[in-house]
Each structure stands twice: as structure tokens, then as C-alpha cells.
Amino acid sequence: MFRLVVLALALSLSVTTDGTGSTPPPETGTEAPPATTVQKQAVPVPVQRAPGVGEPCGARNGPGSARCAPGLECVKSKKDKKGAGSRTGVCACKNDYEVCGSDGVSYGTACELKAASALAEAEGKTGIKVQHKGKCQKAPTIVTPPGEVWNVTGSQVFLSCEAKGIPTPVVTWNKISSDKKKMLLLPGDQDNLAIQTRGGPEKHEVTGWVLIFPLTTRDAGSYECHASNAKGEDSAVGTIHVVDSISDIPTKKVVQDDEL
């Protein structure tokens, strides 16, 4: 009985799991599966936009601590400069002079031009560049044309005209002939007529006058105010009417008989 038990135990030890009765040789040449690598995605860091014109700057920390955008400087009031360093200033353009853009538009500062250029490029248009300092040249326009004057002989009358342009235009006066085919450059040889010109009242403006004293019948007619500069010219016409008496002047017409 004891022998049968030992024999059965020996047989059970010699049988493998594959049922072949022999122990399979260990497998060779196999590699362990590679370890799985976990890649971490980079967290985007928000880029702080540089403050523009009129935005706070100069603080030690916080929203107003960023430097102004290129072309701008941080400006503080005198009171803030004497106070604590944490007080903020305001971004302002370094150059405060006017510039002419390549689009023919005058800008108050180069910073305004850059802003307009960025907007144009964002809309798919051509960017704007600085052509030169100062306003863009512009053909003259008659701002205030000469009016219509009614008065009697022997009185003093005048016509005035204001023109504007860049560069400041030159104003001249012409007497238009009755048939409107000829113009006589004034003052000519008339001893009762004078031409006066002065700058203003605004920048790049000029004002001119035709003054007649004493008024005669030959002074009646149309007078042209002509303004010109390197960019072009413009003109407007005024009229002087000579009547025999004040009662002949139409209603709502102003009689000019005083000094400028």
C-alpha cells in the first residue's frame, strides 16, 4: 500500500501542465514589453499685452506694472513723482508732433498713425507709413468767400476772403470784366483801391481784402478772390453794387460804410 502511494506521487510530479509529460525548456530571445511613456502637455503661459496710449503703467506690481508699448513712455505727474513709487503713470507717445501718413492723412502723433496702420492691416489693407513731420500738404480751399456789397458813390466799401491750405496759400484779387472774358489783376493803377492781406485767423489760413474809397460807378462789378499754393488753387467771386441813393438798396442788405 505504501509503495502504491509513493508511485502515484512520483507520477503526479512528472506530469506538466501541457500534458506532454516533460518540462518545456524556458523560452529564450524574448524581450520585455517597453514601458509606456506618458507625455505631459505644456500649459500655455498667457502673454501680457503691453499697455497702450492712456493706459496705466509704472506700478511696482499689479495690472499697471507692465511696460508701455514700443514708441510710448510712462508719464507721471509731478505729484506722483514725489510720492510713493507704487503710484502709476499713464502711457503717452514719446513724439507729440504731427506727422503726414502715406495715405495722405495728417495725424496728431506718430502713435496715432501706428494705431491707424495696425487697424488697416487687420482689415487686410496696406499699412500706413510716415511720409514726413508736420501736416500733409493740401490744396487751398476758400473758407469764407467774398460777399455782395451795396452802397452809394463816395462811400467806403470792402470785400473780404479767407482761404486755407498747406502750405499757407497766397491770395490775390482780380476784377472781372463786364463780358466775363478778361480779368484785371488788382490793384492795378487805381488810386482809390487797395489790397491787404494778413495771416489767420487760424493756422495755415490767410485773409485778404479789397478796399475801395471813394466808391465810384466804375468800381461796380464782380471781384474774384483767388487762392493758390503748390498743391492747387481755388477761387470765389464777390460783387459790388453802386446805387444812387440808400433808398435804392434792396431790403436786408447791409451798407458798409465803416472801417475794418
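Let's start with helix 3. Its buried residues pack against strand 2 (72–75), strand 3 (89–93), strand 4 (99–101), strand 5 (106–107) and strand 6 (130–133). Keep in mind that this is a predicted model.

Which residues of helix 3 are buried? They are Ala110, Cys111, Leu113, Ser117 and Ala120.

Now a quick check on length. Helix 3 covers residues 110–122, so 13 residues. At 1.5 Å a residue, the helix should span 18 Å. Its end C-alpha atoms are 18 Å apart, which agrees. After helix 3 comes Gly124. The phi of Gly124 is positive, near 80°.

On to the cores. The largest nonpolar core has 19 residues. Among those with the most contacts inside this core are Ile142, Trp173, Tyr223 and Ile240. Where do the residues come from? Strand 9 (157–166), strand 10 (170–176), strand 13 (205–212), strand 14 (221–229) and strand 15 (232–243) each supply at least two. Strand 9 gives the largest share, four residues.

Take Ile240. Leaving out residues up to four places away in sequence, Ile240 touches Val149, Val157, Leu159, Ile212, Leu215, Asp219, Ala220, Gly221 and Tyr223.

There is also a second, separate core, with seven residues. Cys68, Ala69, Leu72 and Cys111 are among them.

Last stop, Lys182. Find this residue in the loop between strand 10 and strand 11 (183–185). Is Lys182 buried or exposed? Its relative accessibility is 62%, so Lys182 counts as exposed; the cut-off is over 50%. Lys182 still has contacts: apart from neighbours within four places in sequence, they are Lys175, Ile176 and Ser177.

Methods. Residues numbered from 1 in each chain as written. Predicted model: local features only at pLDDT ≥ 70, side-chain atom pairs only at ≥ 80, totals over all residues. Heavy atoms only, no water. Core = buried A, V, L, I, M, F, W, Y, C linked by side-chain atoms within 4.5 Å. Buried < 20%, exposed > 50% of the residue type's maximum accessible area, 1.4 Å probe, protein only. Contact = heavy atoms within 4.5 Å. Expected span 1.5 Å × (residues − 1).
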